Amino acid sequence: MKKILFGVVLGLFQLTNAQENAPSPVRVYGGFESNGQWYTNDKGLRINSPEDPLRSNNYLFVNTGYKNWTAGVQVEAYEDQALLNYNPKYKNTNLATYFVQFKGKKVDVTGGYFYDQFGSGLLYRSWEDRALGINNALCGARIIYKPTDFISFKSIAGRQRTGFGLSKGFIAGGDLDFKLTDFFSFKTSDLSVGLTFVLRNEPIENIVDPVFSPLVHASGVRVNFSHNSFYSSAEFNLKSDDAVVQVNQLRPKFVKPGSALLVNLGYSKKGFGIDGSFRRMENMGFFSERLANGNIFNDRIVNFIPSLTKQHHSNLANIYPYQAQPNVFINFENGKGIGKAGEIGGQIDLFYNFKKGTALGGKYGTKLAVNFSNWNALSGNFYAPLFDYETDFFAFGKRYFSDINVDFIKKWSPTWQSELTWIHQYYDKNLIVNINSGTEIIQTQIVAAESTHRFGKDQSVRWVAEHMWANADKKNWASATLEYNLNSKWSLYTTDLYNYGNSDRLQRNHYYNAGAAFRHKTTRIAMSYGRQRGGLICVGGVCREVPESSGVSLSLNTSF
Amino acid sequence: MQIKQIKFYSKHNNLFICIPYLNTMKIFQLALLLLLSPVFAQKQLPNLSLPNLEGTALSLTQDFVEKDKVYVFSFWATWCTPCIQELDEMNELQDEWKKLVNLEIIAVSTDDSRTQKRVKPLVSGKDWSFRVLLDTNQDFKRAMTIVNIPYTIVVKNQVIVHIQNGYVPGNEKDLFDKIKSL
């Protein structure tokens with residue numbers, strides 16, 4: 001295998017080199033990413049460095065293409081270990097994924113590992129997110145068939161990647177997309193419908209006479225419609241009965257179906273846009289192995305359930321991020337308790353551009369963004385000793401989370417721009433993270449101000465000042481960031497988050513960081529020293545818990 | 001590399017062959033591949049079609065081929081502040097640029113289904129006049145092996161002539177200097 005691989009690489013090398021002046025028929029391309037950290041002891045935070053304090057996650061992705069064919073491999077190295085709180089299944093250096101794809105005019109066939117999604121992903125999505133340690137590529141085959149411009153059919157089958165191995169559950173599915181606009185030759189409207197079907201088979205082990213099936217099937221229907229400035233979409237999904245898993249425990253007699261409804265409406269014209277989403281989900285956690293439900297590494301996850309809230313770029317607004325609540329959780333102790341079967345809620349976004357030359361627009365224009373989101377538990381009856389529940393379809397239970405925020409961007413001159421943000425959040429920690437002791441509802445007010453000043457040929461300074469008032473948990477925080485871009489290649493930055501309001505004086509920590517970044521063409525190298533605040537790191541509404549840490553980090557990415 | 005174990009999953013109703021365990025590939029082998037890598041810079045856009053905001057699929061290899069026209073593909077997302085800053089700047093400057101060079105800026109949204117519905121109102125609300133492509137499954141981003149956005153690719157006569165990884169204020173001037181020199 002080693003010889004074959006090197007033979008292939010060498011062969012490609014010669015092929016591409018032999019024809020330096022003529023475009024080569026063989027394309028070779030890829031990328032490399034490395035994120036390393038040297039964890040140190042930190043007396044101030046009272047933490048010791050973990051075993052193997054020098055750790056790194058490395059990814060090498062090499063593809064080759066010839067005419068309609070593409071093939072690729074991804075090698076990953078976690079040396080000496082993966083970064084803190086990554087899935088321990090990511091271990092050492094190994095071949096991670098590979099694929100061969102043929103792409104014709106009507107048919108597109110992939111064998112090996114592939115990434116895809118059906119509809120909005122509520123029933124099936126395979127994707128990679130290295131920052132979160134998610135890679136649930138399916139290993140198997142995918143066929144996409146487009147007989148005409150208005151019909152597209154996808155079929156998939158395989159097993160999910162988990163660490164460097166494969167999940168025990170088998171996944172198969174199909175998705176049909178039909179563009180009625182092209183079919184009926186509409187001029188000003190757009191109409192399309194889609195149908196999705198996904199099944200998962202995982203053999204049942206160690207349960208006598210199970211009352212649930214190894215096979216779970218899920219199906220969905222969706223429609224998209226737009227007319228002039230108005231657009232809308234709706235999607236409804238059903239998932240068949242499966243045993244409920246809570247806190248890594250499978251309840252063999254607690255068998256429930258799942259459902260999800262997603263509706264979106266929007267209107268936009270020049271200088272103005274508004275969009276609203278509504279979603280109701282019940283028992284929609286979907287994993288290729290039942291017992292993986294709710295695992296903290298997002299491992300073996302079949303569908304994509306992002307939290308539909310605004311992803312803030314302010315440091316302090318990410319201390320209490322909402323995570324979507326698709327799962328069932330029933331726990332009653334001491335007469336108090338939690339009964340959850342999903343979530344219901346929505347969000348509204350508004351964007352507006354104050355024209356130049358108007359009172360608010362000024363000489364260089366002002367931009368406004370407003371966002372509101374609110375998420376509640378499903379209302380219903382929960383029976384703790386029996387492990388059962390019934391829910392109402394359109395009724396709101398206890399509130400999990402809400403967020404209202406307003407953001408202004410104002411350009412004062414060609415070299416000076418400012419941004420002002422106000423955020424209010426409501427976060428029911430007990431209900432979201434499933435603890436039923438105490439009542440800790442956290443309400444926050446956050447104000448962030450930022451300015452960018454340009455000078456010289458290509459230099460700039462950016463500063464950000466933030467403050468958060470919180471009534472509970474770790475209470476008040478302040479934060480500041482200063483960034484200096486020396487030229488188009490070099491940047492320096494320093495930032496600090498200070499939990500000055502913590503009721504526990506010993507926990508009033510600074511989380512400081514200072515670093516430099518260098519960029520040239522396709523390469524970016526960054527180095528920093530400082531402290532990592534413990535908590536959730538969220539990307540695209542999916543989160544990973546990280547512990548507090550301290551040390552030096554080095555990251556590099558390049559493509560070729 | 002040696003194959004330690006090949007698993008055939010046919011008995012578990014899966015007919016596909018997957019090889020989960022290859023033994024350790026040493027760091028120097030990775031380094032060797034890396035050292036070879038600058039030899040092969042990616043020169044062409046991948047053979048992909050992506051929908052625009054109206055749902056019409058556009059082919060990267062067939063719909064961006066006007067002779068001597070410069071196409072600037074800027075990868076962004078609704079949650080990426082520097083990306084939006086870059087596109088805001090380019091939106092202001094593009095009329096001036098177009099007087100000097102035949103060019104078009106294309107904003108490639110990498111938003112997934114969490115934020116994809118925010119793309120259309122944001123583009124309208126910001127009054128951007130770019131064509132927008134939706135890379136929802138991130139096929140384009142993956143084919144270009146992009147790790148971080150913002151990320152900007154300049155294409156002329158179907159050849160990738162320049163890449164800019166990241167954005168800080170002022171980069172748009174360097175980018176245009178580069179475009180003028182093509």
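1. In this predicted model, A:Y78 is buried (under 20% relative accessible area; exposed is over 50%, partly exposed in between; 1.4 Å probe, protein chains only), with a relative accessible area of 2%. A:F164 is also buried, at 7%.

2. The count of aromatic pairs over all chains is 32, where rings of Phe, Tyr and Trp (its six-membered ring) pair if their centres lie within 6.5 Å, and planes under 30 degrees apart are stacked, over 60 edge-to-face and the rest tilted. A:Y78 and A:F164 make an edge-to-face pair, 5.9 Å centre to centre with 65° between the planes. A:Y78 belongs to strand β3 (residues 69–79) of chain A and A:F164 to the loop between β11 (151–162) and β12 (165–179), so the pair ties together parts 86 residues apart in sequence. Strands are DSSP runs of E, at least two residues, and helices runs of H or I, at least four, numbered from the N terminus.

3. A:F393 and A:F394 are edge-to-face at 4.8 Å and 85°. A:F393 is partly exposed at 35%, and A:F394 is exposed at 58%. The charged end of A:R280 sits over the ring of A:F393, 4.2 Å from its centre (NZ of Lys or CZ of Arg within 6 Å of the ring centre and within 35 degrees of the ring normal).

4. Ring pairs link A:Y320, A:Y322, A:W375, A:Y400, A:F401 and A:Y427 into a cluster.

5. Residues are numbered from 1 along each chain as written, and chains are lettered from A in the order written. Local features need pLDDT of at least 70, side-chain atom pairs 80 or more, and side-chain values use heavy atoms, without hydrogens and water.
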